[in-house]
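User: I have a model open and I'd like to learn how to read its features one at a time. Can you walk me through it?

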Amino acid sequence: MNHRILYPFADFGDTVAILPANETQRKGLDTPVDDRDGDDSLVTYFELARVMERASRRFSGLLRAELTKLGVEDIGPAQAMVLLAIGEAELSVGELLDRGHYVGSNISYYLKQLADGDYIDRIASQRDKRSARIRLSEKGRQLCAGLRQAAKGYERALSHGDQDRRNLETAFQTLHRLELVWGNAARYGI
């Protein structure tokens, strides 16, 4: 498959394909295996993690810029992601922790900031007054709607047809599988 046809705006000069474990040579996307140097190596999980971390930082920068465009100065990208994780649901803090992989002390800090900025409503539990449920306030719903609208613009810029949508789905599934494998490996070993 010629990726330059699908992505004419992209430069794949240094891109490598991740091969099955039983293949020992690196392939370029458009270059036959025989035309490549023999000392090239496969993409490692460390390189993949580094790209994921850089992409995450770039996304945070993009999210910060969108917040600025929307006139939001009192919260940052991490808190905006918490709002998006809450969505239309009414959740306990524990349920929110399960939805995103937050550190407990961080989520408490984020929720305090969001409550102080009137982005969320905290509702005392009927059964246990010590615990609370959280949901988006009207201000939080409006911010999420603005962020989703901005995301549609980026999706249109990135998606040029069904193949791009399938590639995005494949990338999501692969990253989700990596998350599960790495999480289980950290908890239980390999």
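Predicted model: local features only at pLDDT ≥ 70, side-chain atom pairs only at ≥ 80, totals over all residues.

User: How many helices and strands does the chain have?

Analyst: There are seven helices and five strands.

User: And what share of the chain's residues is buried?

Analyst: Of the 190 residues, 23% count as buried. The chain exposes about 13500 Å², with carbon and sulfur atoms supplying 54% of that. As for contacts between residues at least 6 apart in sequence, 46% of them join residues at least 24 apart.

User: Let's do helix packing. What describes two packed helices?

Analyst: Two things: the angle between the axes and the distance between the axes. Take helix 3 (residues 77-86) and helix 6 (residues 138-158): their axes come within 10 Å and cross at roughly 100 degrees. Angles from 65 to 115 degrees count as roughly perpendicular, and helix 3 and helix 6 are therefore roughly perpendicular to each other.

User: Which residues make that contact?

Analyst: Helix 3 brings Ala-80, Leu-83 and Leu-84, while helix 6 brings Leu-143, Cys-144, Leu-147 and Arg-148. By type, that contact has six nonpolar residues, no polar ones and one charged.

User: At what angle do helix 2 and helix 3 cross?

Analyst: The axes of helix 2 (residues 45-69) and helix 3 cross at roughly 85 degrees and come within 9 Å. This pair is therefore roughly perpendicular too, helix 2 to helix 3. On the helix 2 side, the contact uses Phe-59, Ser-60, Leu-63, Arg-64 and Leu-67; on the helix 3 side, Pro-77, Ala-80 and Met-81. Those residues divide into six nonpolar, one polar and one charged.

User: Is helix 3 mostly covered or uncovered?

Analyst: Mostly covered, with seven of its 10 residues buried. The buried ones are Pro-77, Gln-79, Ala-80, Val-82, Leu-83, Ala-85 and Ile-86. For reading such a list, remember that an α-helix has 3.6 residues a turn, so residues three or four places apart point the same way.

User: How many bridges join strand 4 to strand 5?

Analyst: Five bridges join strand 4 to strand 5 (residues 132-136). Ile-120, for instance, has Leu-136 as its bridge partner in strand 5. Strand 3 is joined to strand 5 by two bridges, and Leu-91 has Ile-134 as its bridge partner in strand 5.

User: Which faces does strand 5 show?

Analyst: In a regular strand the side chains alternate between the two faces of the sheet. Strand 5 has a covered face of Ala-132, Ile-134 and Leu-136, and an uncovered one of Arg-133 and Arg-135.

User: What does Ala-132 touch?

Analyst: Leaving aside residues up to four places away in sequence, Ala-132 touches Leu-91, Ser-92, Val-93, Arg-122, Ile-123, Ala-124 and Ser-125. Ala-132 counts as buried, at 17% relative accessibility. Ala-132 and Ser-92 are 40 residues apart along the chain, but their C-alpha atoms are separated by 6.2 Å.

User: Last one: which residue other than glycine has a positive phi near 65 degrees?

Analyst: Most residues other than glycine have a negative phi. Here Asp-118 has a positive phi, near 65 degrees, and sits in the loop between helix 5 (104-116) and strand 4.

How values were computed. Residues numbered from 1 in each chain as written. Heavy atoms only, no water. Axes fitted to C-alpha atoms, helices over the stretch in contact; angles between N-to-C directions. Helix = DSSP H or I, 4+ residues; strand = E, 2+ residues; numbered from the N terminus. Parallel < 35°, antiparallel > 145°, perpendicular 65-115°, else oblique. Contact = heavy atoms within 4.5 Å. Nonpolar A, V, L, I, M, F, W, Y, C, P; charged D, E, K, R; others polar. Pairing = 2+ DSSP bridges. Buried < 20%, exposed > 50% of the residue type's maximum accessible area, 1.4 Å probe, protein only. Areas by Shrake-Rupley, 256 points an atom, 1.4 Å probe, with all protein chains shown as cover.
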